[in-house]
Amino acid sequence: MTRFEDLPLIEPILRAVREEGYDRPTPIQQQTIRHTLDGRDMLGCAQTGTGKTAAFALPILQRLNSVPAPNPRHVRVLVLSPTRELATQIGDSFARYGRHLPLRHTVVFGGVGQQPQAQALRQGVDILVATPGRLLDLIEQRIAKLDRVGILVLDEADRMLDMGFIHDVRRVIGTLPKKRQTLFFSATLPHDIQTLAKDILTNPVRVEVTPTATTVEKIAQSLYHVDKHGKFPLLRKLLQDPTLQRTLVFTRTKRGANKVAEQLNMNFVKADAIHGNKAQSARERALENFKRGLSRVLVATDIAARGIDVDGVTHVVNYDMPDVPENYVHRIGRTARAGAGGIAIAFCAPDEREELRAVEKLIRLKIPVKAVPAGIAHSAVPTPGAFGSGARPAPLPQHHHPHPQRQSAPPPHAPAPQHSPAPGSPQRPASPPAHPVAGRPPIPRRILWRKRRDR
Ligand code: AMP
């Protein structure tokens with residue numbers, strides 16, 4: 001198995017990696033670092049949690065360091081990120097991995113005053129991490145000068161598209177030198193993203209890492225069939241267990257997130273909520289409190305949480321089942337950072353069983369069901385056999401022990417598995433197996449035309 005020492009990385013970088021406590025390169029790091037050092041373009045199909053930031057940051061730092069910094073300094077590397085949170089995290093990563101190198105970076109994003117960012121740029125930086133809207137403003141004012149950028153990283157390109165930034169991204173790229181190295185990362189490759197990739201990449205190395213399987217396998221998952229009104233009492237009960245040290249709770253709505261956080265605080269569990277309606281400063285504070293252990297629970301919506309990177313999350317609670325099954329994987333992946341195992345617990349109300357079924361089909365696992373503690377409104381547990389196996393789900397004696405068993409993939413044309421309702425519970429009409437993944441028609445990709453939202 002490859003070790004970091006087997007990669008052609010210089011000692012100051014290897015030292016920083018050791019100090020981070022990384023033992024071995026993750027698959028995307030193993031597959032890309034050499035090529036990036038060689039100057040190749042990259043098309044990486046990977047999402048947050050795979051170690052992709054280090055995969056691009058380490059070789060970029062090394063390449064920059066191999067030539068003396070020009071005087072005055074100018075931006076030689078541009079990293080575009082869809083959100084402020086992700087941009088900040090990428091900036092932090094460059095700072096950590098580059099701590100033994102004489103390189104400078106800064107991060108610019110919207111929603112805050114421009115002056116300090118302009119000041120940092122005027123002083124000269126080697127690496128600029130930016131969200132597209134603010135960067136365009138700075139380019140138009142001639143504060144950000146990108147005419148000597150030699151490396152461009154486009155991170156979470158599909159999310160840029162979702163958030164309506166793709167035109168801004170194209171405009172920024174239009175200002176860069178044509179001769180450069182481009183590293184392009186996206187969790188998914190919808191048509192528009194493929195077109196963009198084709199336009200800006202030259203003979204790229206293609207890598208695809210699938211965190212879904214590895215992430216899911218490492219996480220001990222369990223499920224409670226609980227009535228809607230039993231959810232909060234169940235959460236409170238679970239939090240009596242002190243092993244739930246740093247718990248991320250996912251709700252479907254912003255209001256739901258606020259409500260759960262409020263109720264927890266009323267019950268003496270320190271909690272913050274994070275979602276798109278919160279001001280930037282409030283979101284940063286909530287995240288910081290959670291990172292530093294000042295709050296034990298962070299309640300989040302899917303959009304707000306994507307891209308947030310907090311190490312040491314002990315538990316993820318799916319307070320509401322996600323609308324989009326892929327989000328279940330994104331959510332629970334937060335508790336298995338950097339190869340660590342984690343614990344994920346899901347609450348499923350009777351009207352969320354369609355969503356549960358879609359999730360189980362996507363991850364090809366039957367999530368083991370746990371009994372709702374006495375006194376909490378549970379819902380009739382559907383009989384098992386989501387995959388036609390007829391097998392009962394393995395009982396889970398405790399949160400952290402068993403890992404659910406992998407199911408073999410049903411053929412694409414196989415009928416969608418059904419949960420049969422428990423005796424006495426209302427009969428749900430069987431939905432036709434319209435979609436090979438979720439057993440229902442695909443959910444249209446939402447294009448959120450919130451242009452320049454990050455300004
Ligand atoms: P990323 O996919 O870049 O968001 O990284 C996810 C997490 O993995 C971050 O918390 C990194 O600190 C961590 N990480 C990155 N590379 C490694 C590695 N080789 N070994 C252990 N942890 C890593």
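# Close-up views of a predicted model

**Figure 1. Helices H3 and H4 make a right-handed crossing.** The model is a predicted one. The axes of H3 and H4 (residues 84–97) come within 10 Å and cross at roughly 50°. H3 and H4 are therefore oblique to each other. On the H3 side the contact is made by Thr53, Ala54, Ala57, Leu58 and Leu61, and on the H4 side by Ile90, Ser93, Phe94 and Tyr97. By class, the residues of this contact between H3 and H4 are seven nonpolar, two polar and no charged.

**Figure 2. Helices H15 and H16 pack at an angle of about 70°.** H15 covers residues 325–332 and H16 covers residues 353–363, and their axes are 8 Å apart. H15 and H16 are therefore roughly perpendicular to each other. The crossing of H15 and H16 is right-handed. Pro325, Glu326, Tyr328 and Val329 of H15 make the contact with Ala358, Val359, Leu362 and Ile363 of H16. Seven nonpolar residues, no polar residues and one charged residue make up the contact of H15 with H16.

**Figure 3. Seven strands form an open sheet with parallel pairing.** The order of the strands is S3-S4-S2-S5-S6-S1-S7. Strands S3 (105–108) and S7 (205–208) stand at the edges with a single partner strand each, so one side of each has no neighbour in the sheet. From one strand to the next, the twist averages 10°. Within the sheet, S2 (residues 77–80) and S5 (residues 151–154) pair in the parallel sense over four bridges. Leu80 stands opposite Leu154 in S5.

**Figure 4. Strand S13 is largely enclosed by the rest of the structure, because seven of its seven residues are buried.** S13 spans residues 342–348. In a regular strand the side chains alternate between the two faces of the sheet. In S13, Gly342, Ala344, Ala346 and Cys348 point one way, while Ile343, Ile345 and Phe347 point the other way, and all are buried. Strand S8 (residues 219–225) runs parallel to S13 and is joined to it by seven bridges. In this pairing His225 stands opposite Cys348. Strand S12 (residues 315–318) also runs parallel to S13, with four bridges joining the two. Here Val317 stands opposite Ile345.

**Figure 5. Ala349 lies in the loop between S13 and H16.** Ala349 has 20 other C-beta atoms within 10 Å and is therefore buried. Apart from neighbours within four places in sequence, Ala349 is in contact with Val226, Asp227, Lys228 and Ser379. Ala349 and His378 are 29 residues apart in sequence, and their C-alpha atoms are 8.4 Å apart in space.

**Figure 6. The peptide bond from Asn71 to Pro72 is cis.** Omega of this bond is near 0°. Pro72 is found in the loop between helix H3 (52–65) and S2. Most peptide bonds are trans, and most residues other than glycine have a negative phi. The next view turns to phi.

**Figure 7. Arg142 and Glu156 are non-glycine residues with positive phi.** Phi of Arg142 is about 60°. Arg142 is found in the loop between helix H6 (132–140) and S5. With 7 C-beta neighbours inside 10 Å, Arg142 counts as exposed. Phi of Glu156 is near 50°. Glu156 is found in the loop between S5 and helix H7 (157–162). Glu156 is buried, with 23 other C-beta atoms within 10 Å.

**Figure 8. The chain has 16 helices and 14 strands.** This view sets the close-ups in the context of the chain. Of its 455 residues, 46% count as buried. Among contacts between residues at least 6 apart in sequence, 75% join residues at least 24 apart.

Technical notes:
Residues numbered from 1 in each chain as written. Predicted model: local features only at pLDDT ≥ 70, side-chain atom pairs only at ≥ 80, totals over all residues. Pairing = 2+ DSSP bridges. Axes fitted to C-alpha atoms, helices over the stretch in contact; angles between N-to-C directions. Parallel < 35°, antiparallel > 145°, perpendicular 65-115°, else oblique. Left-handed = near helix turned anticlockwise from the far one by under 90°. Contact = placed C-beta atoms within 7 Å. Nonpolar A, V, L, I, M, F, W, Y, C, P; charged D, E, K, R; others polar. Buried ≥ 20, exposed ≤ 12 C-beta atoms within 10 Å, placed from the backbone.
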